[in-house]
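Dear colleague,

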Amino acid sequence: MIDYEIRKGDRMKVLLGLSGGVDSAVAAYILKKQGHEVVCAFMRNWDAFANNDILGNPTIQNDICPQEQDYLDAKAVADKLGLELLRVDFIEEYWNDVFTTFLDEYKRGRTPNPDILCNKYIKFDAFYRYAKKLGFTWIATGHYARVAHEQEGSVLLRGKDDNKDQTYFLCQIPKDALAHTLFPIGDLEKTQVRRIADEIALPVAKKKDSTGICFIGERNFRAFLQNYLPSKDGVIIDIHTLKQVGTHIGVLYYTIGQRKGLGIGGNMGPWFVVGKDVEKNILYVANQDDQKWLYSDRCLVTGVNWLKAARPDGDFACTAKFRYRQKDHPVTIRFLDEDRVMVYYPQKDASVTCGQEAVFYLDEVCLGGGVIDDVYLEEESLNEKIKRYAKQ
């Protein structure tokens with residue numbers, strides 16, 4: 001058993017987001033073990049029936065919806081630990097700030113990250129304001145990340161478990177919220193979290209980790225999108241031959257670099273999505289021998305949330321992730337204005353995708369991140385380059 005001691009005078013009043021999963025449950029246990037004044041809160045952010053979440057929803061006919069089961073699990077954990085559990089709804093905030101933005105990005109042919117949006121607008125905005133209103137000084141979650149609260153500002157650090165580090169999803173946390181946030185399991189590996197839950201007989205010790213869309217859950221994603229974005233058949237064009245090789249149900253449903261689910265026959269594959277023409281509803285693909293169309297050497301990142309105290313002047317060398325679980329890539333960034341950054345990676349990278357997040361690091365420190373707005377190769381927008389080539 002890992003022992004958690006608390007220094008004299010460190011007792012804090014904390015509102016912890018208890019999701020019904022094992023990570024937040026162990027986070028609650030650690031905070032209580034450390035002697036803090038802990039209250040738990042379960043967030044309900046999605047109403048399947050009110051939000052027309054029908055197609056692609058495998059649990060729509062269940063007697064108990066997954067969110068209600070999560071609440072029951074959270075209640076069982078809170079009871080086991082002797083902690084109070086509050087219940088709060090952010091359904092309207094989730095729809096207005098997270099899901100509407102999510103859909104708007106897809107309409108533009110981009111691929112947004114709902115987990116980052118959820119952290120930005122719900123867990124570390126709506127929930128943080130809710131906690132302050134109730135008189136709590138701190139909030140806590142079960143994320144695999146660490147935070148160092150220093151005199152010159154709070155610093156977001158990678159979680160100790162490299163395989164579970166979630167700083168990528170936390171890059172848009174407002175600075176004020178970060179300064180009042182605790183990540184109790186950030187110094188643990190997942191195996192340790194499971195072991196603690198088992199040793200103290202938490203009701204969720206064996207519960208599987210949640211997957212799917214943040215606060216929505218597992219969905220047949222293409223069918224799920226059809227609830228909100230009508231399908232529209234179009235052609236799939238081989239960028240090498242400029243000949244049609246298949247049909248699709250709408251360019252909005254596909255992402256750059258996608259390999260599966262294209263439905264292209266023949267023996268020329270595998271095929272990869274390399275570009276989109278949203279206005280003409282054309283999907284461009286390349287086969288395995290023509291993957292050059294996936295590679296770019298720089299990208300424009302907007303809406304940058306810079307977590308360090310000061311933005312760097314001029315060129316700044318660091319590393320970046322353009323997708324979760326991707327290895328760090330050495331990059332040079334240059335701020336163009338308050339929240340726009342040009343990111344250079346002359347060694348080139350594949351499938352850097354508009355709408356996804358570029359997250360910047362300096363060793364263990366997460367510097368922040370922003371949305372990939374455009375991707376370039378040799379000074380030209382890669383998608384525009386593909387469309388121009390297709391017109392020849």
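Trp46 is buried, with a relative accessibility of 4%, and Phe224 is likewise buried at 0%; buried means under 20% relative accessible area, with exposed over 50% and partly exposed in between, for a 1.4 Å probe and protein chains only. This is a predicted model, in which local features need pLDDT of at least 70 and side-chain atom pairs count only at pLDDT 80 or more, while totals for chains, interfaces and linings use all residues. Residues are numbered from 1 along each chain as its sequence is written, and side-chain values use heavy atoms, leaving out hydrogens and water.

The whole structure contains 25 aromatic pairs. Rings of Phe, Tyr and Trp (its six-membered ring) pair if their centres lie within 6.5 Å; planes under 30 degrees apart count as stacked, over 60 as edge-to-face and the rest as tilted. The Trp46 and Phe224 pair is tilted, because the planes stand at 55 degrees, with the ring centres 6.4 Å apart.

Trp306 and Phe335 form an edge-to-face pair, at 5.3 Å between centres and 90 degrees between planes. Both Trp306 and Phe335 are buried.

One aromatic cluster is formed by Trp46, Tyr94, Trp95, Phe99, Phe102, Tyr106, Phe221, Phe224 and Tyr228.

Charges also sit over rings, which requires NZ of Lys or CZ of Arg within 6 Å of the ring centre and within 35 degrees of the ring normal. Arg87 lies over the face of Tyr71, 4.3 Å from the ring centre, and the charged end of Arg158 sits over the ring of Tyr361, at 4.0 Å from its centre.

With kind regards
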